[in-house]
Structure formats: structure tokens, C-alpha cells
Amino acid sequence: MSGALQDWKSQKKPFAAVVTAPVFWLALFFVAPMAIVWLYSFGQNAGPADIEISGTLDNYKRATEWLYVSIFLKSFAVAALTTLLCLIIGFPVAMAITFAAPKWRPWLLLGIMLPFWTNLLIRTYALMALMGSNGYMNKGLGGLWEGASWLRTLVGMQPLEAWTPVQLLYNNFAVVLGLVYVHLPFMVLPLYSALDRLDKSLIEASLDLGAGHFKTFMQIVVPLAAPGIVAGVMITLIPALGAYLTPDLMGGTDSQMIANVIERQFKRANDWPFGAALSFLLIYAMFILIAFQSMRANKVKEA
Amino acid sequence: MFNRTPIAPLEYTRKLWMRSWVGLTMLFLYAPLIVLMVFSFNDSKRNVVWKGFTLKYYEKALNNDSLVEALVNSLTIAALATIVSLVIGALAAVALWRFRFPFKGLVEGTMSLPIIVPEICLGVAFLIFFAKVDWPTDLPWPLNLSAITIAHITFCFPFVAMVVRARLASFNKEEEEAAKDLGATEWQAFRDVLLPHIRPALVAGALLAFTLSLDDFVITFFTSGPDTITFPVKVYSMVRFSVTPEVNAASTILILLTVILTFIALKLQGVKGIAETH
Amino acid sequence: MTQAQQPIIQIRNVSKRFGKVTAVDNISLDILAGEFFVLLGPSGCGKTTLLRMIAGFEMPTEGQIIIDGQDMSLVPPNKRPVNMVFQSYAVFPHMNVTENLNLAQIKVLGRSVDDAKARGLKMLDRVGLMVHKDKFPGQLSGGQQQRVAIARALAMSPKLMLFDEPTSALDPELVGEVLKVMRDLAQGGMTMIVVTHEMGFAREVASKVCFLYEGVVHEEGPPAQIFGDPKQERTRAFLKRIIEAGRL
């Protein structure tokens with residue numbers, strides 16, 4: 001594919017013209033800040049505004065305390081649950097878009113993408129307004145409750161006691177719902193692009209050979225859409241694992257995720273070295289996830 | 001239509017459960033936004049009952065100087081970040097597409113990192129970095145936005161590079177060679193042959209960068225000072241203190257802005273083109 | 001023959017409309033067991049739509065499709081005793097040749113693994129691909145993949161086989177091997193409905209040829225008549241174009 005690559009030595013001036021700015025920017029405004037964080041993670045507070053990089057491993061040692069390990073595990077569980085829900089909700093949607101009539105397809109895609117382009121904070125806020133104790137979600141539940149109560153009186157039972165609004169916000173449920181709400185488009189788009197690439201006659205061939213829709217789905221569609229599923233899972237899992245805003249706004253005191261703990265070290269707790277260590281642990285966790293994925297991708301390539 | 005053709009096996013989208021599923025998903029995605037937009041016109045402090053149409057919260061929002069300032073800041077940052085990201089991203093894409101050079105893999109890998117590294121970590125990194133280098137905070141507008149803008153460029157330009165590089169893959173190098181054969185200089189060949197080819201990717205990349213910048217809360221939260229509030233940071237603090245209809249009004253303005261931008265992109269590229277950039 | 005032979009496929013006043021476009025317009029056809037029935041016509045004439053309605057991938061807007069005496073117009077494809085060979089082969093790329101052949105036999109027909117294997121290998125032998133039984137589709141040429149697809153359909157013991165332009169995705173040098181398999185099948189008595197642009201092959205092997213134009217049957221008859229002495233102006237014009245393109 002890249003047979004026509006030119007060696008930089010043969011065209012030094014054009015090469016310098018295109019490569020200098022990006023490399024300079026990357027080195028100064030990405031690598032340098034990250035390197036400082038990395039160094040800080042081996043440091044300790046030496047004064048109110050002074051950090052000494054002493055090469056200590058205390059910050060990492062502290063991160064292995066159960067309190068922090070449990071928050072890491074919990075963040076992972078929340079992110080995994082979010083990803084699973086996005087996959088379950090998103091797969092039929094991606095299928096529907098793939099097999100929609102050509103004139104509808106772009107509009108369905110746009111329908112999925114428009115929220116994706118809308119400001120994250122506004123979307124979170126809008127969902128919160130809906131879920132508040134006076135919000136529509138509570139009203140809907142109240143309606144269902146009264147319906148159930150009425151049904152009970154129909155069959156001669158005591159009506160249920162009056163509906164009291166439930167607290168939908170500020171708990172783990174709200175965090176997962178909020179993360180699903182925000183990340184659903186991330187899942188649908190890669191699934192759609194994988195399904196779109198799938199040769200439809202493979203599905204037809206499976207039906208033609210006598211398999212029903214479910215068997216065809218499990219034996220043909222899922223294995224062949226696997227790259228898209230993996231891409232969707234990664235693209236949802238990674239940001240969900242590092243989510244800050246949703247648990248901060250929608251979670252309760254026990255819904256802290258790792259990003260919230262990191263933030264606290266830099267603002268309220270003012271323990272930058274420990275925050276730096278947690279940051280890098282989170283980054284390493286991402287790397288491990290990505291390494292798993294590329295190992296899997298290589299395996300598929302060999303087969 | 002009473003005499004409908006029966007549903008063929010692959011017309012999944014015509015199946016009732018599938019339609020309900022998509023319908024409910026769309027409801028889930030849009031209901032909160034629509035309720036928010038509708039109630040921004042509601043003449044009531046408490047958000048749930050419709051009390052009549054009013055524009056007073058728009059008036060309030062537009063008279064709220066700090067909110068307007070935050071919006072202006074956000075748009076300024078987004079515009080600046082888009083321009084610089086576009087230049088750096090396009091250059092990076094061309095460099096990686098065109099040349100073989102030492103440590104290319106390293107450069108390529110490092111450039112994809114800002115996309116992968118969690119926002120919170122990037123935010124923290126910029127907080128420490130700007131504190132460490134004593135970045136001046138008392139500059140006049142718009143220079144006081146420089147720290148935030150720099151941070152935004154760092155996470156925007158790799159996206160631009162990705163989009164442009166995908167487009168470059170379909171470039172026929174013989175066109176460029178033909179141009180040079182006809183006597184064009186390196187620069188002329190770039191300007192007249194390569195640039196027109198990547199223009200759609202530049203438009204897509206610009207829109208992506210603009211939206212990413214406008215959308216960003218976490219990284220800005222860590223890099224903004226007391227005088228450099230952006231719109232998301234402002235909304236965040238308003239939401240934290242109390243939910244007011246003003247926030248609804250301001251949010252509606254921003255949602256409409258997003259919709260308008262998306263439709264401009266649509267006009268320029270078609271839905272398919274947009275879908276492919278993601 | 002003591003009584004008139006019952007057609008294996010009866011197409012009764014079938015129409016198919018996609019929105020405002022009429023792809024198939026009130027077609028009626030009978031196809032007898034053992035026939036090699038070729039559908040001809042310019043692209044967009046409705047021949048593929050007709051074939052896909054027989055397979056069950058499209059539902060007719062009006063009319064009936066009767067297969068072996070039963071009205072199957074609305075029966076889903078997995079419940080029909082017909083099997084299709086696709087233009088794009090549709091061999092499952094994540095399974096090797098043997099798995100492609102066996103899976104449906106075991107899961108759908110409920111054959112034992114040994115029975116399925118035996119029958120699968122027999123069919124593979126019939127299309128001359130025994131040596132490739134453990135390969136994946138990606139390791140085979142287009143012609144070989146198409147022959148695997150034919151063997152896979154045969155293994156399901158269909159009453160009728162449908163071929164949707166089985167050679168048009170192939171490189172010219174690979175067309176012959178697929179046509180040879182189809183010719184052998186026809187000689188073995190398999191009922192086949194074939195959409196193809198291989199005129200020479202159709203002329204030689206077909207028992208009946210049907211020329212479609214704009215969703216309507218324009219001319220139907222034995223190949224000698226359709227190719228040698230077409231009655232309709234449109235058929236003549238179509239054949240002339242094909243001859244000029246060097247396909248006859």
C-alpha cells in the first residue's frame with residue numbers, strides 16, 4: 001500500500017516543512033506535560049506549593065490500598081455494565097439502520113449522530129432534569145404505579161398506597177443510565193459500519209440453507225461483525241472507564257469513579273503526586289485493554 | 001396503504017419489534033433534550049408544569065454577562081483551536097502519508113495518544129504543566145485564553161490528522177507527479193493538486209475539531225482560571241448551584257447551534273461523508 | 001406418461017413493486033421437474049427479483065408462487081425446499097469448506113455428524129474440490145468458492161436449485177469450471193432456474209429459455225427457437241447487443 005513512500009533524506013525541505021510543527025507541538029504540549037505528571041507520581045509534597053521528585057514509590061503503594069483498589073474495580077464494573085447495555089441496546093439499532101430502506105438510512109444515522117455532536121454537559125443536564133424527583137420519569141413511574149393500584153382494585157384487592165416520588169438521581173443506577181445515554185452513539189456507529197460492510201447475501205445464504213433468524217444471527221452475523229463489536233466495545237469502555245462528569249453530577253457519595261478520585265487529589269485534597277500516580281495507573285489500564293484488543297486482532301489476522 | 005407487500009426476510013427495519021426498539025432508543029436519546037428545549041420557554045420557575053410561553057429566560061440568559069462572556073470565550077477558543085488544529089493536523093497527515101523517516105512509528109503512536117488518554121489525565125497534565133512553567137494568567141483577552149486553547153489544540157489535531165490521512169489514502173500520486181512533470185514546484189503541486197483533494201477531509205476535520213473544543217468540559221475545567229470561564233464550565237457551576245430555567249435557555253441556544261453546524265456539514269458533505277469520519 | 005406432469009414451480013400472476021417501480025409485472029410461468037430453465041433479459045428486467053421471490057428473499061406484492069403443489073408465496077426462505085447459488089458466492093468466510101458444507105445439514109436437517117460429513121464430501125467430490133476440504137474460503141479462487149457454494153446447496157438435497165448470475169463475479173478463466181459443474185448437474189436431472197449472461201452455455205444446456213423485458217415475459221420457448229429464430233423485436237435487439245459484446 002505504501003510502496004510510494006519517499007525517504008525524508010531525498011526531500012529534506014518539504015519534509016522539514018510538514019513535520020516540524022506537529023512534532024514540536026506534540027513534544028512541547030503533550031509529551032512534556034505527560035512526562036511531568038509521570039515524574040510527579042514519584043514525588044512527594046515538600047511544602048504548600050512545592051513538590052519534590054524524590055523517586056519514592058509511596059504514591060503507588062498507597063494506590064494499592066483497598067479503598068482505591070475497590071474504586072478501580074468499581075469503575076471497571078460500571079464501565080463494563082455500561083458497555084454491555086450499550087451493546088444490547090445498540091445492536092438492534094445498528095441492524096435496523098443497516099437494513100433500512102436507502103432513503104431512510106441517512107436520517108436514522110443522523111438521528112444517532114446528532115446527540116453525539118451535542119454538548120456532553122447539556123445532555124447530562126437534560127437527562128438529570130428528566131430524572132429529578134419532579135421530573136417526567138418520576139411522573140411516568142407514578143402513572144404506572146397508579147395504574148397498578150387501579151388494577152388491584154379491579155380484582156378486589158386493596159389499592160396500593162399513594163405514589164411517593166423515588167430518588168432516581170444520585171445513585172449508581174443514575175450513573176450507569178447516564179453513561180449509557182452519553183455513550184450509546186459511540187457503540188452504534190462502529191457496529192453499523194461493520195454490519196454495512198457485511199455481504200448481505202451471506203445472511204440470505206444462511207436463511208436459504210434453512211437457518212432461522214436467531215441461528216443466522218448467532219452463527220453468521222455476530223462472528224462476521226466481530227471486528228465492529230470489538231471496536232464498539234473499546235470505544236465505549238475506554239471513555240466510560242475514565243468518565244468524570246456523569247458520576248460527578250449524577251452519582252451519589254458512593255458512586256465515585258476513578259476520575260473523581262483523581263480530580264479530588266488536584267483540587268480539594270491537594271495531593272498532586274498521589275493524583276499523578278492514579279492518573280498513570282488509569283492510563284496503564286487503558287494500555288492493557290488496548291493491548292488485549294490488538295493481540296486479538298493479530299490472532300484473527302493469522303487465522 | 002391497505003395492500004402492503006408482506007415483509008421480506010431481510011427487511012428487519014419493517015418488523016414491529018425492531019421499529020419499536022429503534023423508536024424507544026430515539027425517544028431515550030431525544031426526550032431529555034426536547035423536554036429541556038420546550039421548558040426553556042416555560043413561564044415557571046419549577047420545571048415540570050407548563051405555565052405558558054415566555055422568552056424571559058432567554059432575555060435573562062442574554063443579559064447574564066458572565067454567561068454571554070463564557071459563550072464568547074467558548075466560541076473564540078473553538079475557532080482558534082480549529083484553525084491551528086487544521087494546519088498542524090493536515091501537516092502531520094501529509095508527513096505520515098508521504099515520508100519514510102526514522103522513529104516514524106514512535107511519532108505515529110504518540111500522536112494517537114491524546115485520543116486514547118482519558119480526558120481527566122490530560123486535564124491533570126495541563127494543570128501541572130501550566131503551573132510548572134508559570135504560564136501567565138493575567139493577560140488581556142483573548143490572550144488569557146491561550147492555555148485552554150493550547151490544551152484544546154493538543155486533543156483536536158490528532159483527530160484532524162486521522163480524518164485527513166484517511167482521505168489521503170485515496171489520493172492518486174500520479175496526479176501530483178503529473179503536475180510536477182508539467183513544471184509545478186513542490187509548493188504549487190501541494191496547493192493546486194493535493195489541497196483540493198483533501199478539502200472534504202479538511203471540512204470534516206474542522207467541524208470535528210470545533211465540536212470537540214466546544215464540547216470539552218473536563219480538560220477546560222483543569223486549565224481555566226477564574227477569569228477564563230467557558231460555556232460548559234459556566235453551565236457546570238450553574239447546575240451545581242441550582243437548576244434554573246436560564247440554563248435551559250442557554251443550553252437550547254447551544255443545541256440549536258450544534259444542529260445548525262451539523263446541517264451545514266450535511267450540506268457540504270452529505271450524511272454518508274459525516275458518518276465515515278467517525 | 002399417463003397424465004400431464006405436475007410442474008414443480010407454478011408462478012401465478014406474480015407482481016412485485018418497489019414503491020412506484022414495478023419490477024415484475026403479472027408474470028405466470030410453469031417450470032417442470034428436471035428442467036434447466038434460463039431467465040434472460042437486460043439488467044433491471046426483473047429476472048433477479050423473480051428468482052429472489054422463488055427463493056423467498058422478496059415477497060410478491062400480488063400473485064402466488066406454488067412450489068411442489070404448495071402455495072409458498074409468503075413462506076420464509078428457510079422453510080422452502082429450494083436452494084440458491086449467489087453471484088457473490090456467499091460462502092461463509094469464517095468457516096472452512098467442510099464446516100460450510102456440514103453446518104446446515106446438522107443444525108437444520110438434523111443429520112448426524114457422520115452422515116453430514118459423508119454427504120458433504122460426496123458433494124465436494126462431485127464439484128471436484130475434495131483436496132480443498134480443510135481450506136478457508138479466503139484461500140480459494142472465486143471459481144472454487146462458487147463450486148463450494150453449489151456443493152453446499154446440493155448437500156441440502158433441494159428439490160430445486162436457483163442460480164443468480166453465478167459466473168458474473170468471476171474472472172473469465174474461472175467461468176468454465178463453474179459452468180461444467182452446472183452442466184453435470186443438469187445432466188443428473190436436477191431442476192434448475194438460472195439467471196445468466198452466458199448465452200452460449202444457455203443455448204447448449206437449457207431446456208427452456210424465457211426472455212424478460214421490463215418485468216414482463218416477452219418470449220418463452222426452447223433455446224433453439226429463442227436464439228435461432230426470435231419472434232419478438234426486443235429479443236432480437238437484446239441478442240444482437242449480446243453478440244456484439246462477444247458473449248455468444
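Student: Why is the pair B:Arg240 and A:Asp248 called a salt bridge?

Tutor: A salt bridge is a side-chain nitrogen of Lys or Arg within 4 Å of a carboxyl oxygen of Asp or Glu. The closest N and O atoms of B:Arg240 and A:Asp248 are 3.7 Å apart, so the pair meets the rule. Between chain B and chain A the count is 2 salt bridges.

Student: What should I know about the model first?

Tutor: This is a predicted model, in which local features need pLDDT of at least 70, side-chain atom pairs count only at pLDDT 80 or more, and totals for chains, interfaces and linings use all residues. Residues are numbered from 1 along each chain as its sequence is written, chains are lettered from A and ligands numbered from 1 in the order written, and side-chain values use heavy atoms, with hydrogens and water left out.

Student: What makes a residue part of the contact of chain B and chain A, and how many are there?

Tutor: Contact means heavy atoms within 4.5 Å. By that rule chain B gives 94 residues and chain A gives 90 residues.

Student: How much area do chain B and chain A bury between them?

Tutor: They bury about 8,500 Å², 79% of it on carbon and sulfur atoms. Buried area is the accessible area (1.4 Å probe) that two parts lose on being put together, summed over both.

Student: Which salt bridge links chain C and chain A?

Tutor: C:Arg52 and A:Glu204 form it, with their closest N and O atoms 2.6 Å apart.

Student: How many residues make the contact of chain C and chain A, and what area is buried?

Tutor: Chain C supplies 22 residues and chain A 17 residues. The buried area is about 1,700 Å², of which carbon and sulfur atoms give 62%. On the chain C side, C:Asn78, C:Phe92 and C:His94 lose the most area to chain A, together 29% of what that side buries.
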